[in-house]
Amino acid sequence: MPLRFLYNILVNIAWIGLKAIALFKPKIKLFVSGRKKTFPHLQTKLSPNAKTIWMHVASLGEFEQGLPILERLRSKHPNHQIVLTFFSPSGYEVKKDTPVADVVTYLPIDTSYNANRFLNLIRPEIVVFVKYEIWPNYLDQLKKRGTPTFLVSAIFSKRQVYFKGYGSFMRRSLKTFSHFFVQDGNSKNLLKSIGFENVTVGGDTRLDRVSEILKRDNGLEFMERFKKGQFCLVAGSTWPEDEEILINYINSVQEPIKFVIAPHEIKPVHVEKITNALQKKVVCYSGMDNTRLEEYDVLVLDTIGILTKVYSYADVAYVGGGFATGLHNTMEPAVFGIPIIIGPQYHGFKEAEDLVAKGGISPISDQAGFNNLMQLFTGNPAKVKEQGKINSNYINSNVGAADRILDHISGFL
């Protein structure tokens, strides 16, 4: 049985299964129902006479990687319309109203029929896929149409199917790409080992994105009042495993330290669990109106959208996910030149691996490790400055990926 035929059978079975699961799972319901609206949405929103640029991303993290490219494409080619597609509801639901694209929608499931219909509608002049997105039927149709197609901010590892003896079907999909812009030399070498020479080590476009954070106003009046010049730890995107360590430390520490906890889960029941476990004076963002914030030890951010600015007030940052689901964004605090603490599961996150090796990020595996690091940082301002400088230097020395990519792909517009 040809692998493409088997792939298409499996995709259709998966789609049927997802529609059944959607009856019970709200996130899967968004995944399914959103895709039912894609084609009507495109027919309504697309300008039939305008030239089109299409970018596809998996979710929010990949959107952040693609955003510097989209912003530059929008600026340099204002007469083109931009179509942005998402695979995941967690990305689409947050960014469906982004002004950087003319049309934002879900990518229909990867069947030959959907791919053909989708491309007939948008007729892209160029296509940009971000990081890991490899969809064989869409790529097959793009290749047949001769559409310039690029994979950007890509990162490959020898564990992936492309580099296995049984990976010929997926390797054929890679042949669609006009050029690969990869994050590191290892990815370039792996692609070269299977016959691809059209590869540039372009770096990670997220570093362009986070470097721009410093150019904006990051001031927050409530943080000025809360911090009041004291040493401050900001813990972002925390999960219960992270919060247990943080709460144990906060409850036991005697030094005058300010703490901000921004949990990944901000449902009231979870936020209440955090506040009830804390034995210090704690206030939530949602309840701080007319509050003398300087009198509180802990601020819980039960909101979204302001964590990056809050990091600018940190002396040390803790980034969550390294004990559980996967490490969250370490680059946003790194740009402010502060030390970062993370959990032990950071492998596969290139920037974290790089900065652990350089000494700007410190991984921990237990409570004692966290306590020891906090003792080191609170008692040694020079160490804080030294580690923080490693992080800001890393970002400053790696910016420019978006401009390098744009210089190349603009030649096809």
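The residues lining the largest cavity divide into 5 nonpolar, no polar and 2 charged. Here Ala, Val, Leu, Ile, Met, Phe, Trp, Tyr, Cys and Pro count as nonpolar, Asp, Glu, Lys and Arg as charged, and the others, Gly among them, as polar. The model is predicted: local features need pLDDT of at least 70, side-chain atom pairs count only at pLDDT 80 or more, and totals for chains, interfaces and linings use all residues. Residues are numbered from 1 along each chain as its sequence is written, and side-chain values use heavy atoms, with hydrogens and water left out.

The lining of the largest cavity consists of R35, F87, L107, P108, I109, D110 and W135. On a 1 Å grid over the protein atoms alone, a cavity is a set of points where a 1.4 Å probe fits but cannot get out; a pocket is an open set with protein on both sides within 12 Å along at least five of seven lines; lining residues have an atom within 4 Å of a point. The largest cavity holds about 30 Å³ of space. Volume is the space filled by probe spheres set on the points, with grid points joined across faces, edges and corners. The count is 1 cavity of 30 Å³ or more.

The second largest pocket holds about 290 Å³. It is lined by 13 residues, with I155, F156, S157, G348 and E353 nearest its centre. By class, the lining of this pocket has 4 nonpolar, 4 polar and 5 charged residues. Helix α16 gives the most to the lining, with 3 residues. Helices (H or I, at least four residues) and strands (E, at least two) are DSSP runs, numbered from the N terminus.

Helix α16 (residues 350-358) also packs with α18 (residues 381-396), at about 135° and with the axes 10 Å apart. Axes are lines fitted to C-alpha atoms, for helices over the stretch in contact, and angles run from 0 to 180 degrees between N-to-C directions. The two helices are therefore oblique to each other; angles under 35 degrees count as roughly parallel, over 145 as roughly antiparallel, 65 to 115 as roughly perpendicular and the rest as oblique. K350, E351, D354, L355 and K358 of α16 make the contact with I390, N391 and Y394 of α18. Contact means heavy atoms within 4.5 Å. This contact has 3 nonpolar, 1 polar and 4 charged residues.

Helices α4 (residues 60-76) and α19 (residues 401-409) pack at about 50°, with axes 9 Å apart. P68, I69, R72, L73 and K76 in α4 meet A402, D403, I405, L406 and I409 in α19. The α4 contact with α19 has 7 nonpolar, no polar and 3 charged residues.
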